[in-house]
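My notes follow in the order I checked things.

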Amino acid sequence: MDAIGDAKKAAALLRKALATRSAVAGVRRTVASTPPHPAGHFRVAVYFADGEVNMYQMRQWYKPLAELAKTWPVVILSRAATGARSLLRESGLPVAFVPTVRDLEDYIATQDIRVVLYVNQNTRNFQMFRYGRRWHVFINHGESDKMYMTTNQYKAYDYAFIAGDAARERLQRVLWDYDLDRRTLQIGRPQADHYSGTLPYTPDARTVVLYAPTWEGDRPSAHYGSILTHGEALVAALLATGEHRVIYRPHPRSGVVNAEYGAANARIIAALAAANTADPAAHHVFDDGPELGWQLAAADLAVVDISAMVYDRLAADKPLLVTRPADPEAIVDTHGYLSACEWLDAAAAGQIVAEGHRVLDDPDAVARLEQWVQHYFGDTAPGAATARFHAAIGELMTRWEHWHAESADDDLDIPEPEEAELDD
């Protein structure tokens, strides 16, 4: 059995190596066919060391970054070939493919990058931290009350952009000796100013329900996914009414750890297709597209797991239900919105229609929602978060100018080269 397992692992590694080699060649051809980046042009860089599987972390930032680039030129520093391939194809932003440390170092030497933004905690972020005389800023890829949002890794960055008062309180509770006043800037949710995508159906009298579960998680404390415990029952109940339209948007990693979870996901997708065949006017949607926004704006009600989708929906200022994790070991932060949210237990998933009516029609539920929206995101008027995002970048540019002037006579801090590497 060990020999068979080793052979399978070797085959998988070979397939990955071949796929990476193909992706690298394709990216290099694309880069070679485009004009070189002008020297000294970019002031803001987004560092992304992940491959294609985690592109969802970048996609939500495309439009806010494109808007920012009108004031401060932005480039994406992509370390992985499959990630660079997707970024070149879809981001609309300049991309520098820098798979090795030497590539990264050579490229940085040609630019005047003053602020580096990070959307996740990839371990290779540490390779970029070597470069001083610029601000390293964690902007994250969503707002939530997951334990990920209070990791001590925040201290590795010079600054963090956070959504609002809830994020500040969360960090203050957990992080020791962390100067929140100096090192965090509140920007709200600028992505909410750039909802994207085209509605794939014509609106009618149906009540639209967005079901957006997360993946199953890789450890009990993070078992937030509901597809296997809630999903099939709630989707079946909604499909049975003839009065609802389901938008199903599962996490792209659904089923990567648990095959049963993946199978349940496949059954839901099949059920939506069958319902559309039986009633073409229903226009139920299985959504695995790159754009996020139209779903949040179109849905009358959202059912989401404990994930960033809770807070994406809060930023839209519209009603939602949160699935309660069935695993008692799943860690639930009850200090914030989850202390007062509208929960959906697994046992009540089949009664989703009644649960939905309660949330949509209860004045107290509506009032609670407004309170929490303000607490998490501050002013959600159109354009308000974008203005705060731009102001935060402007503030860091001002601080950069100050420190640059203070250290103008010092020797340049150029790190010694590290061993080059190339992987995906």
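**Entry 1: second largest cavity.** I listed the lining of the second largest cavity: Pro-319, Leu-320, Tyr-337, Ala-340, Cys-341, Glu-342, Val-359, Ala-365, Val-366, Arg-368 and Leu-369. Helix α14 (residues 363–377) gives the largest share, four residues. By class I find nine nonpolar, no polar and two charged residues in this lining. Here Ala, Val, Leu, Ile, Met, Phe, Trp, Tyr, Cys and Pro count as nonpolar, Asp, Glu, Lys and Arg as charged, and the others, Gly among them, as polar. The space comes to about 90 Å³.

I noted the terms. On a 1 Å grid over the protein atoms alone, a cavity is a set of points where a 1.4 Å probe fits but cannot get out. A pocket is an open set with protein on both sides within 12 Å along at least five of seven lines, and lining residues have an atom within 4 Å of a point. Grid points are joined across faces, edges and corners, and a volume is the space filled by probe spheres set on the points. Helices (H or I, at least four residues) and strands (E, at least two) are DSSP runs, numbered from the N terminus.

**Entry 2: ground rules.** This is a predicted model, in which local features need pLDDT of at least 70 and side-chain atom pairs count only at pLDDT 80 or more, while totals for chains, interfaces and linings use all residues. Residues are numbered from 1 along each chain as its sequence is written, and side-chain values use heavy atoms, with hydrogens and water left out.

**Entry 3: other spaces.** How many cavities of 30 Å³ or more does a search of the whole structure find? It finds three. The largest cavity holds about 140 Å³. It is lined by 17 residues, and Ile-139, Gly-142, Phe-161, Ile-162 and Ala-163 are the closest to its centre. That lining divides into 11 nonpolar, four polar and two charged residues.

Next I took the largest pocket, at about 1200 Å³. It has 45 lining residues, with Tyr-56, Gln-57, His-141, Trp-215 and His-251 closest to the centre. I count it by class as 18 nonpolar, 16 polar and 11 charged.

**Entry 4: seven-stranded sheet.** I traced an open sheet in the order β3-β2-β1-β4-β5-β6-β7, with parallel pairing. Two strands pair if DSSP finds at least two bridges between them. β3 (95–97) and β7 (184–186) each have a single partner strand, so one side of each is left without a neighbour in the sheet. The twist averages 25° from one strand to the next.

I then looked at β4 (residues 115–118). Four bridges join β4 to β5 (residues 135–138). Val-116 stands opposite His-136, and Tyr-118 is partnered by Phe-138. On the other pairing, β1 (residues 44–48) meets β4 over four bridges, with Val-44 bridged to Val-115.

Are the β4 side chains buried or exposed? Val-115 and Leu-117 point one way, Val-116 and Tyr-118 the other, and all are buried. Buried means under 20% relative accessible area, exposed over 50%, partly exposed in between (1.4 Å probe, protein chains only). In a regular strand the side chains alternate between the two faces of the sheet.

**Entry 5: six-stranded sheet.** A second open sheet runs β10-β9-β8-β11-β12-β13, again with parallel pairing. β10 (285–286) and β13 (343–344) are the edge strands and pair on one side only. β8 (residues 207–212) and β11 (residues 301–304) share four bridges; Ala-212 is partnered by Val-304. β11 joins β12 by three bridges, with Val-304 opposite Val-322. Both faces of β12 (residues 320–323) are covered: Leu-320 and Val-322 on one side, Leu-321 and Thr-323 on the other, are all buried.

**Entry 6: a loop residue.** I looked up Glu-243, in the loop between α9 (227–241) and β9 (244–248). Its relative accessibility is 53%, so Glu-243 counts as exposed. Glu-243 and Thr-207 lie 36 residues apart in sequence, yet 6.4 Å apart in space, C-alpha to C-alpha.

**Entry 7: whole chain.** I logged 15 helices and 13 strands. Buried residues make up 50% of the 424 residues. The C-alpha trace spans about 70 × 55 × 40 Å along its principal axes.

Technical notes
Axes fitted to C-alpha atoms, helices over the stretch in contact; angles between N-to-C directions.
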